[in-house]
Amino acid sequence: MPEAVGLIETIGFPSILAAADAMVKAARVTLVYYGIAERGHFVVVVRGPTSEVYPSVQAGIEAAEKVYGGIVDSHYIVPNPPENVESVLPLSYTEISEQFR
């Protein structure tokens, strides 16, 4: 079954923490990447079935915007990324994230 990738980028750590928490609680997705984008911007990436990633990202956006001063800088969903994208970008399941699938 094809799996989608959902990403949210925020300004500041509290808002990305709230987004990540809401994303994994709202739908059947796995957090596969978290990192610092640049200048205080943070990014979180989830994987899962396409029908689960859409509500997960929406819940993450809402949670991040509820945080005091929380700003969602960008977000996007890739419904079925090709293998070459997965091999270059950190979107694949790792040993650590595999146990939470």
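How far apart are the end C-alpha atoms of H1, and what should its 14 residues span? Select H1, residues 13-26: at 1.5 Å a residue the helix should span 20 Å, and its end C-alpha atoms are 20 Å apart, so the two agree. (The expected span is 1.5 Å times one less than the number of residues; helices, H or I of at least four residues, and strands, E of at least two, are DSSP runs numbered from the N terminus.)

Before going on, some ground rules. This is a predicted model, where local features need pLDDT of at least 70 and side-chain atom pairs count only at pLDDT 80 or more, while totals for chains, interfaces and linings use all residues. Residues are numbered from 1 along each chain as its sequence is written, and side-chain values use heavy atoms, with hydrogens and water left out.

Now colour by pLDDT, the predictor's confidence in each residue from 0 to 100. The protein averages 88, and 98% of its residues reach 70 or more. Confidence is highest in helix H2 (residues 50-66), at a mean of 96, and lowest in helix H4 (residues 95-98), at 72.

Back to H1. Show Ser 15, Ile 16, Ala 19, Ala 20, Ala 22 and Met 23, which are buried (under 20% relative accessible area; exposed is over 50%, partly exposed in between, with a 1.4 Å probe and protein chains only). An α-helix has 3.6 residues a turn, so residues three or four places apart point the same way. The buried residues of H1 pack against strands S1 (3-11), S2, S3 (41-49) and S4 (71-78), plus H2.

Next, pick Val 44 in strand S3. Val 44 counts as buried because its relative accessibility is 0%. Beyond its neighbours within four places in sequence, Val 44 is in contact (heavy atoms within 4.5 Å) with residues including Ile 16, Ala 20, Met 23 and Tyr 34.

Last stop: the aromatics. A search of the whole structure finds three aromatic pairs (ring centres of Phe, Tyr or Trp, its six-membered ring, within 6.5 Å; planes under 30 degrees apart are stacked, over 60 edge-to-face, the rest tilted). Show Phe 13 and Tyr 34: their ring centres are 6.4 Å apart and their planes at 80°, so the pair is edge-to-face. The pair links distant parts of the chain, with Phe 13 in H1 and Tyr 34 in strand S2 (residues 30-38), 21 residues apart. Phe 42 is buried at 13%, whereas Phe 13 is partly exposed at 40%. Together, Phe 13, Tyr 34 and Phe 42 form one aromatic cluster.
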